[in-house]
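This report looks at charged side chains and how they pair. Please keep the sequence and the model at hand while reading.

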Amino acid sequence: MAKKELTVPEKLKSLYNLQKIDNKLKEINILRGELPVEVQDLEDYIQGLEARAEKVKIALEEIDHEDNKYTASIKEAEMLIEKYNAQLDKVKNNREYEALSKEIEMQHLEIQLFEKKKKTLSNTRQVKSEAQEVTMERIKDRQLILEQKKKELDEIIASTEAEEEKLLKKQKTARNRIKDSILDSYDRIRSTYKNGLAVVPITRDACGGCFHFIPAQTQLEIQLKKQIISCEYCGRIIVDNETAGIKTPLKV
Ligand SMILES: [Zn+2]
């Protein structure tokens, strides 16, 4: 279906209106665009911390297991010492006495060795336990932040969904009114510039997009709205204040 030809002022007004709609849609996307990434980053970070905590937990269990083994070995050595001491009372000769005494000494040395190992384990356990506490605390903190962010994101999605739908409908209607060739250049200019502005007002005698000076004659032509005028530096379409909905302050 052919689009009804609009007058130049109508074209300019439609373009400026379309840009307002597009900017609002862009704002919604920006608003949402960062939170999902933040939520994902936090989830990954917490997952990493939890994996680390799990490893330390296993290491601590291994330490306890080792420690129990040494405790049992010490007990065993003590029992042997007790047994050898009892045998000492019944020795028949010097050789037996010396052999038993040597055994007892050996067991004492063993006990010393196990106790030294237990001490080392105890130090390692302390360091790991302290690190574990810090990790658990950090997990708790980040989880709180994550819950807040998730809630925020849910709220933004809930509150912007309806608006976005309305804007998309308005966008479709607005685009339908404008000629394809104008739309093409509008889309091209918008995608070229970071701020996404394709239609700009005159700002202090300059293009509102690139701030290059606009000669008085061109400014007059823009006010007259006989044709669409683009900035000769940046290519943006320039509109007068009335089209841009800007109230001109009274000149004193
Ligand atoms: Zn310009």
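Helices (H or I, at least four residues) and strands (E, at least two) are DSSP runs, numbered from the N terminus. This is a predicted model, in which local features need pLDDT of at least 70, side-chain atom pairs count only at pLDDT 80 or more, and totals for chains, interfaces and linings use all residues. Residues are numbered from 1 along each chain as its sequence is written, and side-chain values use heavy atoms, with hydrogens and water left out.

## Asp141

Asp141 is placed in helix 2, which covers residues 94–177. Its relative accessibility of 42% makes Asp141 partly exposed, where buried means under 20% relative accessible area, exposed over 50% and partly exposed in between (1.4 Å probe, protein chains only).

## Salt bridges between helices

The whole structure holds 10 salt bridges, each being a side-chain nitrogen of Lys or Arg within 4 Å of a carboxyl oxygen of Asp or Glu. One of them joins Arg32 and Glu164 at 3.4 Å, N to O; this pair links helix 1 (residues 8–88), which holds Arg32, to helix 2, which holds Glu164, across 132 residues. Both Arg32 and Glu164 are buried.

Lys149 and Glu38 form another salt bridge, with their closest N and O atoms 2.6 Å apart. Here Lys149 belongs to helix 2 and Glu38 to helix 1, 111 residues apart.

## Lys225

Lys225, in the loop between helix 4 (216–224) and strand 3 (237–239), has a positive phi near 55 degrees although Lys225 is not a glycine. The side chain of Lys225 meets that of Asp240 in a salt bridge (3.3 Å, N to O). Lys225 counts as buried because its relative accessibility is 13%, and Asp240 counts as buried at 3%.
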